[in-house]
Amino acid sequence: MIVEANTVRFDSISLDSGATLAPVDVAYETYGRLNASKSNAILVLHAFSGDAHAAGISHETGKPGWWDNMIGPGKAFDTNKYFMICSNVLGGCRGTTGPGSVNPAAGCPYAMSFPVITIGDMVRVQRMLIDWFGIPRLLSVTGGSMGGMQALEWAVSFPDRVVSAIPIACTTRHSAQQIAFNEVGRQAIMADPDWNNGDYYSGKPPARGLAVARMVGHITFMSDDSMREKFGRRLRGKETFGFDFDVDFEVESYLRYRGSEFVTRFDANSYLYITKAMDYFDLTNGHGSLAAAFERTEARFLVISFSSDWLYPSYQSQEIVRALRARNCDVAYVELESNYGHDAFLVDVAEQTDLIRGFLASTVEKAP
Amino acid sequence: MSGQPARKQAFVRELLGRSDYAIIGDIVEPGARVLDLGCGEGELLEWLAQNKGVEARGVEISGAKVQRAIARGVSVYQGDIDQGLADYPDGAFDYVILSQTLQETHRPRKVLREMLRVGRRVIVAFPNFGHWRVRLSMLVSGGAPRTKLFPYEWYESPNIHFLTVLDFEALAAVEGLVVERRYFLAGRRKVTLFPNLLAEVAVFQVSAAG
């Protein structure tokens, strides 16, 4: 399945901060075919560092999408049945307008003049895209991690536009620990002299700071078990310690590789803006309580968490489920056993496939 | 309960291989809101949804069973029955079903009260510890009884609260519950006489008084 990226431009958007952004470009990909009644559309929402290329082989890069094992003919999100849409989030750096985009009023990249954005802003941009497609109601909204937060935001902000939601390994609001890890990442970037107050687009990007931020991220994505299994204390290409500060351990090599690979595809300022949006996210904002937030929600829910995920622990998913049950909403929940930590939502395909396939089929059956 | 001795009436059919399911399947009205506690892989809920158009929900502690239930399209929540009902609002369901699980709960009385809070009617099916085979097994062996119905060694049994037909009737009386229906089964046969001695499985439908 060779897929192509598309971009659509919207005139402007009013943001939660009060600022207005104009224009807004949105990069997106689609898989499968929209049916005549436009009732088979599913919006896939990517995680922090993801992009619109969720499935298939990119025409441009030849690389598979980030959830290619879940989306495609016969897969969990069966493109023979469903029309899948994935777009890059607002503030991103993969085709949708973000701090690295050129500000038409200034003729140079926004950098730190880019307005602070929220998960709610991201979702409103996605709604513009769904309106543009002429889709009245999404059969489902789904994603893991930050993608799950957007799915929740969709169900709360636009209850009449979603039939079902599948939030995976996520939360209704960041805990102190989650904010703390994001702040370490931001500080690593801002401590890099190359960051230059965000003004680096004509020179050298803050690659060292961004790489360190990503290294911290990768630690939080894995579990103690999976790190022990994958690396243990194995040395990298040597029999004894080097007695210097080059790479000794496999795990050091892995993190350095991940860090340096990340800087080739991600913008440091996007890192700042998107992590801030995640930290600001609180589904109870403006509602008082979680149950009140779900007051108008009619959607069915499938909530999934993973036993070894300590970045988005199961208790956070259970909070979602409890609030939905208090509203007597239709909600299914399971904690899948996994060793992979937060990464599990990208890795544990077989278990999620059965769940999602069954959930979607029954959602279609029940849909009015 | 008609208690008719006629031979045709003496047998209940099976639903998904179980007689208590067949009884529950008959009781529940079309379109009802049903919560099944300890729903396993959701077979009964799936049947009720497909054949009676009920709004089906389940609670099950085993993650593997929850996975299979969700895969068959049933909305099941992975959780503990002893704690799991607190979130539901009062009167959220028409029927709350507890099939062959009451004897496995830590606090059966609290569970029963919670069921009656969240549901208008409660259907409880349980293995009758007063059955003559259980009594005989204990009398003869002098050890914890092992029968077809209670096949476990005492140290491996999930059953932690043994109750009989009489015990349940007594609890219903103490709690001031209205017993709306009662069915007694031995295999696929309906038991009409001496249920506390002859019934292997009892099915009660109760509601709160008033």
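These are my notebook entries on a predicted model with chains A and B.

**Entry 1: the domains of chain A**

I began with the domain assignment of chain A. It gives domain 1 as 2-174 + 282-366, and domain 2 as 179-275. I then looked up the spacing, and the C-alpha centres of domain 1 and domain 2 of chain A lie 26 Å apart.

How many residues of domain 1 of chain A are in contact with domain 2 of chain A? I found 24 residues of domain 1 in contact with 17 residues of domain 2. On the domain 1 side of this contact I noted 13 nonpolar residues, ten polar ones and one charged one.

**Entry 2: two helices that pack**

Next I picked a pair of helices in chain A. I reminded myself that two packed helices are described by the angle between their axes and the distance between the axes. Helix H3 of chain A covers residues 176-190, and helix H7 of chain A covers residues 268-280. Their axes are 10 Å apart, and the packing angle is about 160°. Angles over 145 degrees count as roughly antiparallel, so H3(A) and H7(A) are roughly antiparallel to each other. I also wrote down that H3(A) passes H7(A) in a left-handed crossing.

Which residues make the contact between H3(A) and H7(A)? From H3(A) I listed A:Ile179, A:Asn182, A:Gly185, A:Arg186 and A:Ile189. From H7(A) come A:Ala268, A:Tyr271, A:Leu272, A:Thr275, A:Met278 and A:Asp279. Sorted by class, the residues of this contact are six nonpolar, three polar and two charged.

**Entry 3: where chain A touches chain B**

Then I turned to the two chains. I found 21 residues of chain A in contact with 15 residues of chain B. Which elements of chain A give two or more residues to this side? They are helix H9 (314-326), strand S16 (331-336) and helix H11 (349-366) of chain A. H11(A) gives the most, with eight residues. I counted the classes on the chain A side too: ten residues are nonpolar, three are polar and eight are charged.

**Entry 4: one residue of chain B**

I finished with B:Asp26, which sits in helix H1 of chain B, residues 19-27. Is B:Asp26 buried, exposed or partly exposed? I found 13 other C-beta atoms within 10 Å of B:Asp26. A residue is buried at 20 or more and exposed at 12 or fewer, so B:Asp26 is partly exposed. I also looked up B:Arg120, which is 94 residues from B:Asp26 along the chain. The C-alpha atoms of B:Asp26 and B:Arg120 are separated by 17 Å.

Technical notes:
Residues numbered from 1 in each chain as written. Chains lettered and ligands numbered in written order. Predicted model: local features only at pLDDT ≥ 70, side-chain atom pairs only at ≥ 80, totals over all residues. Domains from an automatic or database assignment. Contact = placed C-beta atoms within 7 Å. Nonpolar A, V, L, I, M, F, W, Y, C, P; charged D, E, K, R; others polar. Helix = DSSP H or I, 4+ residues; strand = E, 2+ residues; numbered from the N terminus. Axes fitted to C-alpha atoms, helices over the stretch in contact; angles between N-to-C directions. Parallel < 35°, antiparallel > 145°, perpendicular 65-115°, else oblique. Left-handed = near helix turned anticlockwise from the far one by under 90°.
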